[in-house]
Structure formats: C-alpha cells, structure tokens
Amino acid sequence: MAYSNSEQVFMDVLGRLPAEDEWKEIRSLLGILQRAGFSVDDPSNAPHVTLFAWGWARSTPRADVLAAVKAAVMELGTAGTPSTDLTPVLSAVQDLQIAAARTATVKVDEGVVSEAVARALREPISLASMAILGVVIAVAFFVGSWWGNRQLAPTVQMQQQMIQKLTAPDHASRSGK
C-alpha cells in the first residue's frame with residue numbers, strides 16, 4: 001500500500017506503522033489541515049506536518065494541535081501581505097542621503113599598496129617564468145632530437161647498405177650453390 005507524504009511523516013515520527021484507530025486520528029488531523037487551506041502533501045510543508053505529527057505522537061491535546069494549526073494558517077496568510085508602513089524605509093533612505101552628502105577623507109597607506117602590488121606581480125611573473133621554462137624545455141628536446149638524428153644518420157645509412165648487400169638476390173644465389 002502506498003502512503004502519501006504526510007502519512008509517511010506520521011509513520012516516521014511514530015517509528016512504526018500506526019494502528020487502525022491511530023490511522024483514523026491521523027487522517028482526521030490531516031483532513032482538518034486540508035480544510036484549513038494547508039497543503040499537507042506538498043514537500044515544502046513537510047516541516048510543519050512533522051511538527052503536528054510530533055505533537056500528536058507525544059499525546060499533545062487535540063485542542064493544542066488545532067491551535068497550532070490555526071497559528072500556522074494565520075502565519076501563512078500574513079506572510080504573503082507586505083507591510084504598508086513605509087516610514088522606517090523612508091527614514092533609512094534619508095539617512096543614506098545625508099551620509100552620501102558628507103565629504104570623506106581617505107588616507108592611503110603606501111606600505112599596504114606597495115605590498116599589494118608586489119603580491120599581484122609575483123604570481124604573473126612566476127607564471128610567465130614557468131611558460132618560458134616550458135618553451136625552453138620543448139626547444140631543447142627538439143634540438144636534441146635533431147642533433148641525434150644528424151649524428152646517427154651516417155651510421156644508419158651504412159648499416160642499411162650492409163643489410164642490402166647481405167640480402168641481395170645475387171648473394172643469396174651464390175651461397176646456395
């Protein structure tokens with residue numbers, strides 16, 4: 001049997017499967033919540049359902065649970081309406097305007113500035129040196145390979161000629177006689 005989200009919350013709070021008379025009470029409480037305009041199976045309302053389930057499981061009197069339901073519904077109803085009293089906002093804006101109109105004196109600590117500049121330059125310089133080192137290694141590898149091939153080319157050519165002489169058809173026919 002599949003349970004709704006709210007019924008699952010009640011089972012989790014109880015730590016067991018409720019008895020039949022407990023199911024009646026649970027469904028009655030959930031029905032009251034739904035009639036009050038509270039969506040009990042909405043996952044975003046799970047904390048509120050958990051609160052009611054915990055109160056019910058701990059034998060909180062039904063009148064207290066209903067009072068908590070009323071308070072939650074009232075909280076939901078008043079949470080969406082903004083406050084129409086704008087005097088605190090206006091006074092805060094006026095305070096900001098007054099603060100913006102004042103002149104400000106600023107002292108610059110040269111030691112802090114020079115340290116910040118040195119720290120800012122240290123990283124790019126080290127990155128540039130790493131890039132240069134990589135290029136130098138690549139060039140050295142290329143030059144080394146080229147020089148090695150140049151030095152070995154005569155030896156390789158001489159060995160290829162020797163292999164060709166040894167495997168030539170006229171040499172093979174002489175050795176077979």
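Which elements do the buried residues of α1 pack against? In this predicted model, the buried residues of α1 pack against α2 and α3, and the close-up views below begin with that helix.

**View 1. Helix α1 and its surroundings.**
Seven of the 10 residues of α1 are buried, so this helix is largely enclosed by the rest of the structure. The buried residues are S6, E7, V9, F10, M11, V13 and L14, and it is these residues of α1 that pack against α2 and α3. After the helix comes G15, which has a positive phi near 85 degrees.

**View 2. The buried serine S6 in helix α1.**
S6 has its place in helix α1 and, because its relative accessibility is 1%, counts as buried, the cut-off being under 20%. The side chain of S6 makes a polar contact of 3.2 Å with the side chain of S4. When residues up to four places away in sequence are not counted, S6 touches L30, V40, D41 and V49.

**View 3. The buried glutamate E7 in helix α1.**
E7 also lies in helix α1, and its relative accessibility of 12% means that E7 counts as buried. The side chain of E7 reaches the backbone nitrogen of S4 at 3.2 Å. With neighbours within four places in sequence left aside, E7 is in contact with W23, R27 and L30.

**View 4. The largest nonpolar core, with F10 and L33.**
The largest nonpolar core has 18 residues, and of these F10 and L33 touch the most other members. The elements that give two or more residues to this core are α1 (5–14), α2 (20–35), α3 (46–57) and α4 (62–79). F10 is one of the buried residues of α1. L33, for its part, touches F38, V40, F52 and V69, if residues up to four places away in sequence are not counted. As general background, nonpolar side chains tend to be buried together in soluble globular proteins.

V106, V108, V113, V117, L121 and I125 together make a nonpolar surface patch of about 580 Å². One of these residues, V117, lies in helix α6, which covers residues 110–166. Because its relative accessible area is 44%, between the 20% and 50% cut-offs, V117 is described as partly exposed.

Methods
Residues are numbered from 1 along each chain as its sequence is written. This is a predicted model: local features need pLDDT of at least 70, side-chain atom pairs count only at pLDDT 80 or more; totals for chains, interfaces and linings use all residues. Side-chain values use heavy atoms; hydrogens and water are left out. A nonpolar core is a set of buried Ala, Val, Leu, Ile, Met, Phe, Trp, Tyr and Cys residues joined through side-chain atoms within 4.5 Å. Buried means under 20% relative accessible area, exposed over 50%, partly exposed in between (1.4 Å probe, protein chains only). Helices (H or I, at least four residues) and strands (E, at least two) are DSSP runs, numbered from the N terminus. Contact means heavy atoms within 4.5 Å. Patches are made of residues with over 30% relative accessible area and no salt bridge: like charges are joined within 9 Å, nonpolar side chains (Val, Leu, Ile, Met, Phe, Trp, Tyr) within 5 Å. Accessible areas come from the Shrake-Rupley method with a 1.4 Å probe; for residues, only the protein chains shown count as cover. A salt bridge is a side-chain nitrogen of Lys or Arg within 4 Å of a carboxyl oxygen of Asp or Glu. A polar contact is a pair of N or O atoms within 3.5 Å; within protein, one must be able to donate a hydrogen and the other to accept it, and residues adjacent in sequence count only if both atoms are side-chain atoms.
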